[in-house]
Amino acid sequence: MASEAASSDVLLDVRGLSVTFQTAAGPLRAAEDVSFAIRAGEVFALVGESGSGKSTVALALVGLLPPANARIDAGEVRFAGRDLVSLAEPAWRMIRGGSIGTVFQDPMTSLNPTMTIGEQIAEPLRIHKHLARAVARDRALEMLERVGIPQARQRIDDYPHQ
């Protein structure tokens, strides 16, 4: 697979990724020697038993590991040829949500309860696409309608719990 990873159409290349958490009981290796490559346009599924490290890998790939107790201690992650492991948080903010992101399993815990649905959809459009607030809101409404949210024009101003 190493020759496949060298191909120019590889969008995400993960090689030997290992993540360790510092716990009260000592270091805990949550993911060990994970490798895969994803090409542009390819659908990829990361599957495994509960507790196997899937979420840890996903968080590492988008730079969201808790800095207080988690670290990537081996391997490399390249997105569009760019090394992600060594990125500082300001660089991550430029990439996360614009070029790479994740959809968390539980929408009730991943949406901010203090922001409307429309605000949460429009915010990355304003930040990463540099859209004006009104334009980003219009795009958010289009997205809600496109995925078939009933009464999207009313739902855009609802909060996640609604």
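I took buried to mean under 20% relative accessible area, exposed over 50%, and partly exposed in between, with a 1.4 Å probe and protein chains only.

**Basis.** I worked from a predicted model, where local features need pLDDT of at least 70, side-chain atom pairs count only at pLDDT 80 or more, and totals for chains, interfaces and linings use all residues. Residues are numbered from 1 along each chain as its sequence is written, and side-chain values use heavy atoms, with hydrogens and water left out.

**T116.** I looked up T116 and found this residue in the loop between helix 4 and helix 5. Helices are DSSP runs of H or I with at least four residues, strands are runs of E with at least two, and both are numbered from the N terminus. T116 counts as buried because its relative accessible area is 9%. Leaving aside residues up to four places away in sequence, T116 touches I156, D157, D158 and Y159; contact means heavy atoms within 4.5 Å.

**Largest pocket.** I used a 1 Å grid over the protein atoms alone: a pocket is an open set of points where a 1.4 Å probe fits, with protein on both sides within 12 Å along at least five of seven lines, and lining residues have an atom within 4 Å of a point. Points are joined across faces, edges and corners, and a volume is the space filled by probe spheres set on them. The largest pocket holds about 1,100 Å³. Its lining has 25 residues, of which G97, T102, F104, Q120 and P124 are the closest to the centre. Helix 4 (107-110) and helix 5 (117-128) each supply at least two lining residues, and helix 5 gives the most, with 8. I sorted this lining into 13 nonpolar, 9 polar and 3 charged residues. Nonpolar covers Ala, Val, Leu, Ile, Met, Phe, Trp, Tyr, Cys and Pro, charged covers Asp, Glu, Lys and Arg, and the others, Gly among them, are polar.

**Second largest pocket.** I noted a volume of about 780 Å³ for the second largest pocket. It is lined by 29 residues, and L46, K54, A58, T102 and V103 are the closest to its centre. Strand 1 (10-23), strand 2 (26-39) and helix 2 (54-61) each supply at least two residues of this lining; helix 2 has the largest share, 6 residues. The lining divides into 17 nonpolar, 9 polar and 3 charged residues.

**Strands 1 and 2.** I then checked the pairing, which requires at least two DSSP bridges between two strands. Strand 1 and strand 2 run antiparallel and are joined by 10 bridges. They form a hairpin with 2 residues between them. T23 has G26 of strand 2 as its bridge partner.
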